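Subject: Structure handover

Hi,

Here is the structure we talked about. Please open it next to this note and follow along.

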Amino acid sequence: MVLVEPEIPANTGNIGRTCVICGARLHLVAPRFDLSDKAVKRAGLAYWQSLDLACYPSWEAFLEKNPQAARALSSSGNSPADAGGGAPAVHLLTKAGARVFSEARYHENDYLVFGKESTGLDRELLAAHPELCERIPSRHDEVLANADEWHRAHARQHPELKRDICGNFVDPRAGEVVSLNLSNAAAIVLYEALRQLGYPGLR
């Protein structure tokens, strides 16, 4: 589990507790708070001391210390995350992802990457690797699913319809996108990965 610039200590504490229970490592990239923050420890409770935790001052430092993640990103255009072979892959979780997270194939030691609560992952990172971008479906997905077809039919009459960072057509009149709390989103994706990997008790 990789959290890039997390901003809310309690979310990180909750995710840390989930990682301990599942045996997952938590990578924290440039957290926007002091890890001694009471909210982190309070949410992590007694689990925090058992957490497999790695911290990095920047995204570049994370990639340097995790060459498998760097290789997965550098070859992403030729080798999607679910291409097979069992090599660790990078999954970029974002509301803009064209693919649903449960459609991905997970391998041992994959990296599940989440951005900060306020703005998510860096737009340049998402634009450079749209095939690695995945989302958790929501009720808003019906609007997104119909947007591409709608655009083809109405492009000349409605030039305001734009593509988002991952290339999806989005109608700006379609209302707001509702997203999950970071700790809930992380748990949902982590448990799907564990389910696919045969974690005991998950079917």
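Start at asparagine 66. In this predicted model, its side chain makes a polar contact with the side chain of tyrosine 56, at 3.1 Å. (A polar contact is a pair of N or O atoms within 3.5 Å; within protein, one must be able to donate a hydrogen and the other to accept it, and residues adjacent in sequence count only if both atoms are side-chain atoms.) Asparagine 66 sits in the loop between α3 (59-65) and α4 (67-74). Helices (H or I, at least four residues) and strands (E, at least two) are DSSP runs, numbered from the N terminus.

Is asparagine 66 buried or exposed? Its relative accessibility is 7%, so asparagine 66 counts as buried. Buried means under 20% relative accessible area, exposed over 50%, and partly exposed in between (1.4 Å probe, protein chains only). Leaving out residues up to four places away in sequence, asparagine 66 touches His27, Tyr56 and Tyr111. Contact here means heavy atoms within 4.5 Å.

Ground rules: residues are numbered from 1 along each chain as its sequence is written, and side-chain values use heavy atoms, with hydrogens and water left out. As this is a predicted model, local features need pLDDT of at least 70 and side-chain atom pairs count only at pLDDT 80 or more, while totals for chains, interfaces and linings use all residues.

Now the strands. β4 (90-93) pairs with β6 in the parallel sense over four bridges. Two strands pair if DSSP finds at least two bridges between them. Valine 90 has tyrosine 111 as its bridge partner in β6. β4 also runs parallel to β7 (residues 133-135), joined by two bridges. There, leucine 92 is partnered by cysteine 133. Val90 and Leu92 point one way from β4, His91 and Leu93 the other, and all are buried. In a regular strand the side chains alternate between the two faces of the sheet.

Next, α7 (residues 182-196). This helix has 15 residues and reaches 22 Å from its first C-alpha to its last, close to the 21 Å expected at 1.5 Å a residue. The expected span is 1.5 Å times one less than the number of residues. Its buried residues include Leu182, Val189, Leu190 and Leu194. Their cover includes β1 (2-4), α1 (9-22), β4 and β6. Just after α7, glycine 198 takes a positive phi of about 85°.

How many salt bridges does a search of the whole structure find? Five. A salt bridge is a side-chain nitrogen of Lys or Arg within 4 Å of a carboxyl oxygen of Asp or Glu. Among them:

- Aspartate 52 and arginine 25 meet at 3.0 Å, N to O. Aspartate 52 lies in the loop between α2 (38-44) and β3 (53-56), and arginine 25 in the loop between α1 and β2 (26-29), so the pair ties together parts that are 27 residues apart in sequence.
- Glutamate 134 and arginine 99 meet at 3.2 Å, N to O. Glutamate 134 is in β7 and arginine 99 in β5 (residues 99-100), so parts 35 residues apart in sequence are tied together. Glutamate 134 is buried at 0% relative accessibility, and arginine 99 is buried at 16%.
- Glutamate 192 and arginine 195 meet at 2.8 Å, N to O. Both lie in α7, three residues apart, about one turn of the helix.

Glu5, Arg32 and Lys116 are also linked in a network of salt bridges.

Best wishes
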